[in-house]
Amino acid sequence: MRFAFTKCHGSGNDFPLIDARGITLDDSDWARVARALADRDGPVGGDGLLLLVGGDGGHAFGMRMFNSDGSEAETCLNGLRCVARAGFEALGLKTARVKLKTSSADVAREAELAPGVVTIRTIVGPASLEPMDVGLIGPLSELPSTRSFTAVAMPNPHLVTFVDTIDEAELVALGEYCEAGPALIPGRANVSFVELRGADLFVRTFERGVGLTDSCGSAMAASVLAAGLTGSVPIGAQVRVFNKGGLVRGRADADRMVTISGNATFLYDASVEIDLPDERAQPPEIHARHEDEAGAWNAAVAALG
């Protein structure tokens with residue numbers, strides 16, 4: 001089966017994005033497409049598969065996101081910015097309400113983070129702090145860690161802790177514990193270690209269905225909210241949030257609505273043949289490269305030092 005797609009990224013979180021409004025596949029087949037296209041050892045690669053889907057009476061369009069293992073996520077904020085841009089360009093919009101798997105988000109074009117960097121604002125929430133919504137069956141004290149965590153549903157589940165220095169081995173060990181679907185949190189969870197760097201946050205995340213990742217948008221949102229809830233930053237204050245992929249602007253309000261503004265960079269447009277039963281993608285045929293956008297983002301990241 002042949003698919004047209006755009007390779008894109010938000011804060012370095014990269015995805016193949018398919019306009020699926022005219023495509024009829026069941027969820028098991030979309031999972032196969034995700035495993036074929038988002039395979040890091042394959043010809044395309046990515047942190048998951050994004051789908052632009054149709055909206056309804058209350059939504060201009062929708063987004064679905066499948067992780068690289070084929071599981072479907074409730075949301076993905078780095079991916080949402082890319083899907084929002086695709087929806088805007090397809091429908092001639094600048095703002096929209098977007099249907100997600102279990103919730104909605106408001107999105108809008110915004111002033112550029114840096115010259116030439118297309119920037120999208122997303123507003124999601126209210127985030128839930130209820131253990132049931134995060135998927136916890138028992139208390140956080142049962143985690144195999146002595147650290148203090150904030151549990152947040154964005155609506156996808158996040159466990160956030162603040163550390164002096166990020167120990168990646170410790171993060172991976174805890175992430176793998178959660179990834180195994182233990183009795184404490186059988187639906188699994190994203191785990192983030194966060195450093196306070198002055199008024200900024202630096203986030204490192206073990207992402208559910210992905211593993212250790214350079215960027216996870218919903219984890220950055222959860223970290224901004226957790227920072228406000230723990231008094232690390234003032235509620236309502238705009239903060240810069242960094243990760244290995246780049247940066248976003250974030251704000252968490254008292255009603256637990258979280259605003260994230262960041263890039264939605266298109267890298268190239270292509271088409272690809274996928275053998276669905278074998279979950280194998282052929283090398284893509286690239287139709288156009290967005291070298292100006294890629295260069296603008298690289299320059300912005302380089303300017304951060």
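## A covered helix, α5

The buried residues of α5 are G217, S218, A219, M220, A221, A222, S223, V224, L225, A226, A227 and G228. Helix α5 is therefore mostly covered, since twelve of its 13 residues fall under the 20% relative accessible area that defines burial. The structure described here is a predicted model.

Helix α5 comprises residues 217-229, and its end C-alpha atoms lie 19 Å apart; at 1.5 Å a residue the span should be 18 Å, so the two values agree. After α5 comes G231, a residue with a positive phi near 80°.

## The chain as a whole

Six helices and 19 strands make up the secondary structure counted in the chain. The C-alpha trace spans about 50 × 40 × 40 Å along its principal axes.

Of the 305 residues, 55% count as buried. The accessible surface of the chain amounts to about 12,200 Å², and carbon and sulfur atoms account for 49% of that area. Among contacts between residues at least 6 apart in sequence, 61% join residues at least 24 apart.

Helix α6 is formed by residues 291-303. From its first C-alpha to its last, this 13-residue helix reaches 18 Å, close to the 18 Å expected at 1.5 Å a residue. Its buried residues are E293, A296, W297 and A300. These four lie on the same side of α6 because they cover an arc of only 95° around the axis. On the other side of α6, the residues E291, N298 and A302 are exposed.

The buried residues of α6 pack against elements from several parts of the sequence. The partners are strand β1 (2-10), helix α2 (77-91), and the strands β15 (246-252), β16 (258-263) and β17 (265-275).

## T205 in strand β12

Strand β12, residues 200-207, contains T205. This residue counts as buried because its relative accessibility is 3%, below the 20% cut-off. The side chains of T205 and S192 are joined by a polar contact of 2.7 Å.

Beyond its neighbours within four places in sequence, T205 is in contact with L171, N190, V191, S192, G211, L212, T213, C216 and A219. One of these partners, A219, is among the buried residues of α5. T205 and H158 are separated by 47 residues in sequence, while their C-alpha atoms are 9.6 Å apart in space.

N67 belongs to strand β4, which covers residues 59-67. With a relative accessible area of 2%, N67 is buried. Leaving out residues up to four places away in sequence, N67 touches A34, D47, G48, A73, E207, R208, G209 and V210. Of these, E207 lies within the residue range of strand β12 (200-207).

S104 is located in strand β7 (residues 104-110). Its side chain makes a polar contact of 2.6 Å with the side chain of H59. Residues touched by S104, again leaving out those up to four places away in sequence, are H59, R97 and V98. H59, the polar partner of S104, falls within the range of strand β4 (residues 59-67), where N67 is also found.

Terms used. Residues numbered from 1 in each chain as written. Predicted model: local features only at pLDDT ≥ 70, side-chain atom pairs only at ≥ 80, totals over all residues. Heavy atoms only, no water. Helix = DSSP H or I, 4+ residues; strand = E, 2+ residues; numbered from the N terminus. Expected span 1.5 Å × (residues − 1). Buried < 20%, exposed > 50% of the residue type's maximum accessible area, 1.4 Å probe, protein only. Arc of directions from axis to C-beta. Contact = heavy atoms within 4.5 Å. Polar contact = N/O pair within 3.5 Å; in protein donor to acceptor, adjacent residues only side chain to side chain. Areas by Shrake-Rupley, 256 points an atom, 1.4 Å probe, with all protein chains shown as cover.
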